[in-house]
Amino acid sequence: MEKEKIVIDSLNELIDYILEHDLDEATKEKLREMDNTIGLHFSLGMYIRNHYELSDQIRVPNLLLEFKISWIKDEVERSGGNYKDALDSYEFWYPILTLDDEISDHITKKIWKKVRTE
């Protein structure tokens, strides 16, 4: 029987919770040494997908909204583009993509950036 996933309906609270409760100092140190997050999809990303509710619109509506806003903001900053282009990109891709994968990737990147600035 599948274990019930933990529900935290806030992107920042979920990131902080994972940092405080799931990652020991040795793991954080490994993250600090990494040049990018490419290798984390099947480790930290899978852990996040398996333990936390990421895409149920009833259980985590705020998390989904915060993810969308955060993703668009990051895209605008990354590309130096404008908000409309980032929103159009989001609206085009996210009905097609597996949302749990995309959200866990986004969270993984945020965690990686956060531990590198500690």
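The exercises below cover pockets, a helix face and salt bridges in this predicted model.

**Exercise 1. The largest pocket**

Find which element gives the most residues to the lining of the largest pocket, and sort the lining by class.

Solution. 
- Step 1: Start with the space itself, which is about 340 Å³.
- Step 2: The lining has 14 residues, and those closest to the pocket centre are Trp71, Asp74, Asp105, His106 and Lys109.
- Step 3: Helix H4 (61-79) and helix H6 (99-116) are the elements that each supply two or more lining residues.
- Step 4: H6 is the top contributor, with 7 residues.
- Step 5: Sorted by class, the lining has 9 charged, 3 nonpolar and 2 polar residues.

**Exercise 2. The second largest pocket**

Work out which elements give two or more residues to the lining of the second largest pocket.

Solution. 
- Step 1: The second largest pocket has a volume of about 200 Å³.
- Step 2: Among its lining residues are Leu11, Ile15, Glu66, Lys73, Asp74 and Lys114.
- Step 3: Two or more lining residues come from each of helix H1 (11-22), H4 and H6.
- Step 4: H4 provides the largest share, 5 residues.
- Step 5: By class, this lining divides into 6 charged, 3 nonpolar and 2 polar residues.

**Exercise 3. One face of a helix**

Decide how the buried residues of helix H3 are arranged around its axis.

Solution. 
- Step 1: H3 spans residues 44-51, and its buried residues are Leu44, Gly45, Ile48 and Arg49.
- Step 2: Looking down the H3 axis, these buried residues fall within an arc of 135 degrees, so they line one face of the helix.
- Step 3: What covers the buried residues of H3 includes H1, helix H2 (25-33) and H6.

**Exercise 4. A salt bridge between helices**

Which parts of the chain does the salt bridge between Asp101 and Arg49 tie together?

Solution. 
- Step 1: In the Asp101–Arg49 salt bridge, the closest N and O atoms are 3.2 Å apart.
- Step 2: Asp101 sits in helix H6 and Arg49 in helix H3, so the pair ties together parts that are 52 residues apart in sequence.
- Step 3: Now compare accessibility with the cut-off, under 20% for buried. Arg49, at 10% relative accessibility, counts as buried, while Asp101, at 26%, counts as partly exposed.

**Exercise 5. Salt bridges within a helix**

Take the pairs Glu29 and Arg32, then Lys109 and Asp105, and say how far apart the partners lie in their helices.

Solution. 
- Step 1: Glu29 and Arg32 form a salt bridge whose closest N and O atoms are 3.1 Å apart.
- Step 2: Both of these residues belong to helix H2 and lie 3 residues apart, about one turn of the helix.
- Step 3: Glu29 is partly exposed at 35% relative accessibility, and Arg32 is partly exposed at 22%.
- Step 4: Lys109 and Asp105 also meet in a salt bridge, with 3.1 Å from N to O. They are 4 residues apart in helix H6, or about one helical turn.
- Step 5: Lys109 is partly exposed at 36%, and Asp105 is partly exposed at 28%.
- Step 6: To widen the view, Glu25, Glu29, Arg32 and Glu118 are linked in a network of salt bridges, and the structure holds 12 salt bridges.

Key:
Residues numbered from 1 in each chain as written. Predicted model: local features only at pLDDT ≥ 70, side-chain atom pairs only at ≥ 80, totals over all residues. Heavy atoms only, no water. 1 Å grid on protein atoms, 1.4 Å probe; cavity = no way out; pocket = protein on both sides within 12 Å on 5 of 7 lines; lining within 4 Å. Points joined across faces, edges and corners; volume = space filled by probe spheres on them. Nonpolar A, V, L, I, M, F, W, Y, C, P; charged D, E, K, R; others polar. Buried < 20%, exposed > 50% of the residue type's maximum accessible area, 1.4 Å probe, protein only. Arc of directions from axis to C-beta. Contact = heavy atoms within 4.5 Å. Salt bridge = Lys/Arg side-chain N within 4 Å of Asp/Glu carboxyl O.
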